[in-house]
Amino acid sequence: MNTFSPEDNLDISESSSTPSGSSSGNIDLSGLIPFGLTEAASEQLTLIIAKDAELVPGRVTRVDGISTFVQTASIDYRAVSTFARIAHKDEFEIEPAQPTVGDWVLVRPGEDQNPDELELVLPRISLLSRKRVMRGKEQGDEQVLASNINTVFVVQAATYFNPSRLEREIALVWGSGATPVVVITKIDLLEEGEDPTGSIAQAKESAPGVEVVAASGITGDGIEPLRKFTEAGSTVVLIGASGVGKSTLVNLLMGQQAMETAEIRESDTRGRHTTVTRQLLRLPNGGVLIDTPGIRTIGLVSGSEDALAKTFSDVEEYMWKCRFSDCGHGGEPGCTIAEAIANGDISQTRFDSYTRMGRELQVEETKHDATAKTEHQRKMKVVAKTNRQRTKAEKRKKS
Ligand SMILES: Nc1nc2c(ncn2[C@@H]2O[C@H](COP(=O)(O)OP(=O)(O)OP(=O)(O)O)[C@@H](O)[C@H]2O)c(=O)[nH]1
Ligand SMILES: [Mg+2]
Ligand SMILES: [Zn+2]
């Protein structure tokens with residue numbers, strides 16, 4: 001079996017001296033355009049296939065336990081990803097990759113009775129992940145939600161708009177490398193005379209510099225302004241609490257009932273998730289949407305300091321202006337933050353959110369430093385085990 005090993009040097013920079021596309025002879029990736037294929041992904045996939053024509057390129061549309069659903073130009077694969085690795089520009093990263101929805105991948109179709117194997121994952125241009133928290137208890141691990149996304153629709157309902165949740169959601173998105181767009185749904189439910197611009201103004205305060213769109217999944221108002229984010233080659237993911245209307249928006253954008261939607265049961269305090277798996281869907285115009293199940297808690301992953309700074313750029317601006325280098329910004333006379341709060345330039349709640357999230361991240365960092373070493377040891381164990389399994393599997397295949 002012709003399998004890449006970590007020692008193989010897939011030197012893409014060298015291979016790229018041959019013009020992409022024409023160099024590859026018959027490699028035709030046009031069948032992947034409906035799945036949001038970008039030029040960068042196309043180039044990388046072409047170079048890899050030029051080296052190993054057995055590999056089939058595609059995009060992960062769903063992950064279900066150990067099965068990864070990969071859409072390719074011809075057939076769909078349900079592949080196992082035990083040996084999946086990130087294919088970096090110049091070499092393969094030895095660390096195993098956990099494929100996620102939105103990944104560009106290469107599948108090695110299984111011969112005889114062998115399963116199809118997801119072998120390589122392209123480096124991600126963006127990666128949306130959160131710290132998993134279950135019913136107030138930290139699970140300690142990160143949940144990777146989606147990759148290679150351009151835009152994230154952060155969905156909240158006008159009827160139960162939650163500014164502090166929005167701040168967390170926006171920070172999560174800035175941390176991913178994608179651009180957030182706030183979508184305030186259910187504006188049709190606002191009382192007569194109740195102004196949707198009220199929640200828009202609130203959203204704009206919680207998410208400075210972020211585009212805010214008010215929409216209704218029932219009347220279709222506000223859908224058109226969203227289409228510019230879903231053009232061919234773009235990937236959009238929708239996030240938000242359960243029941244805010246994500247799947248309803250997806251169906252409107254798709255022009256068909258692609259996803260099931262339903263009321264949340266009031267009696268069930270845990271809520272009911274109508275959407276249960278993350279799923280990548282093709283829009284008729286070549287864009288791609290990823291619908292996700294509602295997330296209850298939004299924990300920031302370690303290393304989100306820049307994302308926090310971007311989310312609270314307004315607060316940070318006043319912080320920089322404060323002339324006291326050791327200021328606690330707790331109401332000391334002459335403190336610019338205290339002044340800004342007194343003048344109503346920034347709200348006390350927003351400043352409190354900022355400090356609270358900053359503290360949380362600090363705790364996260366400390367834990368991270370302490371676990372970094374053991375984490376590294378654990379990873380190395382996984383690598384060694386994966387290599388052993390791979391050798392065994394290869395021996396089995398040969399015999
Ligand atoms: N009035 C009104 N109802 C809406 C709107 N959008 C969604 N709904 C209703 O709200 C309920 C929940 O909508 P879904 O689209 O299933 O919500 P979701 O965000 O996908 O929920 P999960 O899949 O559980 O995360 C459904 O009964 C929808 O019909 C809206 O703009 N206005
Ligand atoms: Mg849904
Ligand atoms: Zn100060």
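Visitor: Helices here are DSSP runs of H or I with at least four residues, strands are runs of E with at least two, and both are numbered from the N terminus. Where does that put K186?

Guide: K186 sits in the loop between strand 11 and helix 4 (196-206). Bear in mind that this is a predicted model.

Visitor: Is K186 buried, exposed or partly exposed?

Guide: K186 is partly exposed, at a relative accessible area of 22%. The cut-off for buried is under 20%.

Visitor: And what is its phi, the phi of K186?

Guide: Near 60°, which is positive although K186 is not a glycine. Most residues other than glycine have a negative phi. N148 is another non-glycine residue with a positive phi, near 55°. N148 lies in the loop between strand 9 (137-147) and strand 10, and with 6% relative accessibility it is buried.

Visitor: Are S247 and T275 buried or exposed?

Guide: S247 is buried at 7% relative accessibility. T275 is buried too, with a relative accessible area of 9%.

Visitor: What about ligand 1? How many residues surround it?

Guide: There are 23 residues around ligand 1, and the closest are D188, G217, S242, T248 and T275. By class, that shell has six nonpolar, 12 polar and five charged residues.

Visitor: Which polar atoms lie close to its oxygen atoms?

Guide: A polar backbone atom of G217 is 2.6 Å from an oxygen atom of ligand 1. From the side chains, a polar atom of T275 lies 2.7 Å from an oxygen atom of the ligand, and one of K246 lies 2.8 Å from an oxygen atom. Ligand 1 taken alone exposes 650 Å², of which the protein buries 92%.

Visitor: Back to helix 6. Which of its residues are buried?

Guide: K246, S247, L249, V250, N251, L253 and M254. That is seven of the nine residues in helix 6, so the helix is largely enclosed by the rest of the structure.

Visitor: What covers the buried residues of helix 6?

Guide: The cover includes strand 10 (151-157), strand 11 (179-185), helix 5 (224-227), strand 13 (235-239), strand 14 and strand 15 (288-291).

Visitor: What comes just after helix 6?

Guide: G255, with a positive phi of about 75°.

Visitor: Now R78. Where does it lie, and is it buried or exposed?

Guide: R78 lies in strand 3 and is exposed, at 51% relative accessibility. Apart from neighbours within four places in sequence, R78 contacts S67, T68, F69 and D116. With S67, the side chains make a polar contact of 3.2 Å.

Visitor: Last one: where is S81 found, and what does it touch?

Guide: S81 is in the loop between strand 3 (76-80) and strand 4 (85-87). Not counting residues up to four places away in sequence, S81 touches I66, T68, P99 and L118. S81 is buried, with a relative accessible area of 14%.

Notes: Residues are numbered from 1 along each chain as its sequence is written. Chains are lettered from A and ligands numbered from 1 in the order in which they are written. This is a predicted model: local features need pLDDT of at least 70, side-chain atom pairs count only at pLDDT 80 or more; totals for chains, interfaces and linings use all residues. Side-chain values use heavy atoms; hydrogens and water are left out. Buried means under 20% relative accessible area, exposed over 50%, partly exposed in between (1.4 Å probe, protein chains only). A residue is near a molecule or strand if one of its heavy atoms lies within 4 Å of it. A polar contact is a pair of N or O atoms within 3.5 Å; within protein, one must be able to donate a hydrogen and the other to accept it, and residues adjacent in sequence count only if both atoms are side-chain atoms. Accessible areas come from the Shrake-Rupley method with a 1.4 Å probe; for residues, only the protein chains shown count as cover. Ala, Val, Leu, Ile, Met, Phe, Trp, Tyr, Cys and Pro count as nonpolar, Asp, Glu, Lys and Arg as charged, and the others, Gly among them, as polar. Contact means heavy atoms within 4.5 Å.
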